[in-house]
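Dear colleague,

My notes on two of its contact surfaces follow it.

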Amino acid sequence: MEIEKILKERFGFSTFRPGQKEVIEQVMGGNDVIALLPTGMGKSLCYQLPGYIFNQPVLIISPLLSLMQDQVDQMKQFKEKRVVALNSFMNPEQKKQTIYHLEQYRFIFISPEMLIQPQVQQKLNTLPLALIVVDEAHCISQWGFDFRPDYLKIGELFGNHRPPILALSATATSKVLKDIEVYLNMSQPYKYIHSVDRPNIHLAKYSFLEKEDKLDWILRHVLETEGPGIIYTQSRSKTESISELLLQHGIAAASYHGGKDQLDRQFIQQQYIDDSLDWIVATNAFGMGVHKPNVRQIIHETIPGNMANYMQEIGRAGRDGKDAVAILLYAERDEEFAKFVGIDDLPNDHHIELYETYQLRQEPPNQMIQNGEISETSFRVLQYWMTQKSANEVKELFQTMKYEKMHEVDEVMKLVKTECCMREILVQYFGQELETKPTNCCTSCGLTLENLLLPRQQKDHVVEETPWQKRVAKILGIS
Amino acid sequence: MIFRQILLQIFHKFKQERTISAPFHLLRGKRSGQTIQDVGIFQLHMYFGILPKLSRKTYDEEISKLIEEQYMTVSDEGYYILTAKAKEMNQTVDLPFNGWQYRGNEHLFFARLSLVIQSLSHKAYNQMSFLPIQKDPQVQEWVRKFLISHHYQERDLQQQLYEEIIVSLEQAPIEQHAKVIVMKRLTGYKIAGYTWQQLSIYENKSEMDIQFIYIACLHAWLNGITDKESQFPLLAAIAEQVRVAMPLSGSAYQTAQLFQQGYSIEQISQYRKLKRSTIEDHIVEIAMNNPRFDIRSFITEEEIHQVVNAVDDYNTRKLKILHEVMPNLSYFQIRLVLARGETV
């Protein structure tokens with residue numbers, strides 16, 4: 001069947017976006033593929049469309065539980081019933097039932113933790129899988145910003161007689177790309193590398209002497225220019241305090257971070273998409289799964305931990321292709337804090353020694369989590385390496401990683417300190433070459449924010465004062 | 001502010017006979033013998049488990065403020081003494097909590113309700129697909145079954161649900177603002193809910209106070225729904241198994257069944273391979289929950305009066321003191337009498 005026809009009938013598009021067709025054709029031809037497509041460029045279509053041609057299950061390995069649920073919900077919304085997410089949200093009975101009936105599904109989303117469980121493995125071995133998709137494939141690399149030890153086992157699990165693997169990522173350096181190829185045991189994969197540059201996002205930066213000066217600048221800027229925008233910051237408490245500052249000045253803002261009430265997070269997303277909120281003040285927890293095309297501004301209140309995060313976060317602006325700005329704020333010694341945050345969740349020597357003590361006492365080391373001696377994410381990384389290497393080697397490894405993480409911050413600092421083109425530095429970091437520069441490219445090349453941003457429209461922010469009875473009536477469509 | 005008032009009220013009720021940590025366990029609904037018995041002894045049913053997720057940090061911060069502002073002093077052993085200032089402050093919090101019977105299940109009720117309403121809202125506006133606001137697969141499955149079994153496609157379910165909500169919520173004995181807060185947490189087609197932060201600004205109260213009012217409103221509303229199930233059949237169905245009828249821990253429930261079959265404490269302890277003291281904890285829990293449970297198989301009428309008089313004479317409910325006064329009685333026997341609280 002012609003793939004254009006399915007594109008039209010199933011997905012309602014008449015043309016492919018850049019890269020989609022190439023990737024799909026290679027996958028259909030039985031080849032392994034690594035595809036680097038920026039977020040919002042239709043990554044998921046690259047495996048969804050083939051799913052309708054194969055008529056055999058497609059397995060999608062995804063590390064982000066909440067994102068997985070979102071994808072399943074969205075596919076169901078588009079009338080795909082044969083889709084399931086196999087993850088730790090399920091209770092044992094649901095899990096058992098789902099595994100038992102696994103062949104009924106066209107799309108099977110699975111978390112890496114679930115994938116390595118024996119009963120899942122056993123079932124998967126009996127399924128005629130058409131394609132294995134590794135989403136967020138950069139998680140396989142210990143040099144990536146979000147290393148998942150369980151990802152390293154994917155390559156071993158499927159052996160030689162496996163269907164093609166499609167590795168997807170939005171941001172990966174050449175070093176990480178190499179890791180993806182090696183650890184997934186890919187055979188001469190076809191690579192589609194889309195340029196990481198987003199010409200409609202204009203890059204600005206401002207330096208300050210004092211941290212407090214940044215807040216004054218943000219307030220003034222937000223009062224004068226039009227959103228919608230996102231302000232990224234490094235701590236949960238900062239999202240609260242900055243959003244309160246904006247709210248006090250009559251700006252429709254909300255704070256967002258991983259510790260927020262589950263319903264609150266959805267209300268904020270919904271209000272933001274509806275344009276009833278202008279600004280979100282968030283940690284890096286905000287953005288995944290939020291599809292808002294008209295974001296005009298991304299402000300980094302402080303420098304992010306690495307270039308990949310920066311790229312991913314500014315990439316949430318201007319999905320509609322219209323001009324947008326990304327503003328990086330820096331105050332003296334911000335890099336020290338960024339480094340501290342970066343290495344804070346790496347296991348340290350003390351953790352390694354504790355781990356050994358537990359082993360000597362013949363107690364399960366994961367007790368460390370319950371005893372509050374280590375975070376769950378840190379433990380996951382620690383445990384993986386402790387089963388691979390000696391304690392001293394692991395110490396050395398983490399030392400190297402620590403330097404690597406600090407070095408990542410220094411890479412971001414280049415953007416702050418440089419007098420060269422910011423866009424060039426960004427693109428080169430990902431091992432690519434910049435071909436053309438847009439006008440108003442960046443602060444170094446010369447840029448005027450007034451040419452890119454509209455002045456703020458004073459909207460009357462009316463508080464809904466209807467009685468509760470009317471609200472229920474409105475929601476339920478009762479006149 | 002509400003948090004502080006609730007804490008002071010709990011401290012008052014504990015009569016300075018428990019440690020500074022006791023209110024923390026009470027608010028979180030800790031299922032230990034001690035906390036459960038204290039609920040009966042000090043008549044603290046309304047506050048049990050109203051904050052299942054309260055963090056120790058938040059709690060300690062509030063306690064530090066109480067100490068700083070001279071509402072109480074704390075001894076090295078962790079006991080507290082309320083100051084005159086605190087005693088003056090002892091006004092009752094007029095929020096109709098019913099923690100003992102809901103124990104956090106009010107959130108399950110609201111989760112189901114909000115997804116039912118979101119679904120019916122989309123149906124009313126002819127939008128048959130949407131992203132569910134509740135992510136828990138069990139809640140989703142429950143709501144799916146509810147909608148199908150009530151034939152939501154064929155009839156006007158939203159009209160009936162609307163009428164039930166209006167009538168039942170209007171009857172709930174709580175101020176209008178509380179009802180506004182609960183209704184603003186609902187979401188529908190092109191209508192987003194309000195975050196705690198937003199509600200806190202509109203109502204000019206702290207986020208925590210807003211959540212207290214929200215919980216109290218759900219309790220008051222649920223009381224009305226579960227008392228008159230036949231009048232509100234849809235809401236009663238959504239509130240299915242939300243109210244704890246016989247609030248016993250699972251283990252105490254097993255003990256209760258064996259005891260009813262005529263087994264002695266000793267036999268139950270051997271059969272269940274549990275310590276005697278654990279079984280005694282269960283018996284105390286049962287005595288507290290079931291007013292018809294006859295404690296006279298463990299203690300004579302005369303001894304009961306002895307305990308009641310001692311509590312009055314010495315104005316204490318501290319076990320250690322009472323045991324010193326009545327060395328003839330075991331701790332277990334004294335606890336049994338105390339478990340009856342003011343009903344003795």
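A salt bridge joins the side chains of Asp261(A) and Arg185(B), at 3.3 Å from N to O. Three salt bridges (a side-chain nitrogen of Lys or Arg within 4 Å of a carboxyl oxygen of Asp or Glu) are found across the interface of chain B and chain A.

This is a predicted model, in which local features need pLDDT of at least 70 and side-chain atom pairs count only at pLDDT 80 or more, while totals for chains, interfaces and linings use all residues. Residues are numbered from 1 along each chain as its sequence is written, chains are lettered from A and ligands numbered from 1 in the order in which they are written, and side-chain values use heavy atoms, with hydrogens and water left out.

In the contact (heavy atoms within 4.5 Å), chain B supplies 42 residues and chain A 39 residues. The two chains bury about 3800 Å² between them, 58% of it on carbon and sulfur atoms; buried area is the accessible area (1.4 Å probe) that two parts lose on being put together, summed over both. On the chain B side, Lys135(B), Tyr162(B) and Gln197(B) lose the most area to chain A, together 17% of what that side buries.

Within chain B, ten residues of domain 1 are in contact with nine residues of domain 4, the domain bounds coming from an automatic or database domain assignment. Domain 1 covers 2-93 and domain 4 covers 294-344. Their C-alpha centres lie 24 Å apart, and zero salt bridges are counted between these two domains.

With kind regards
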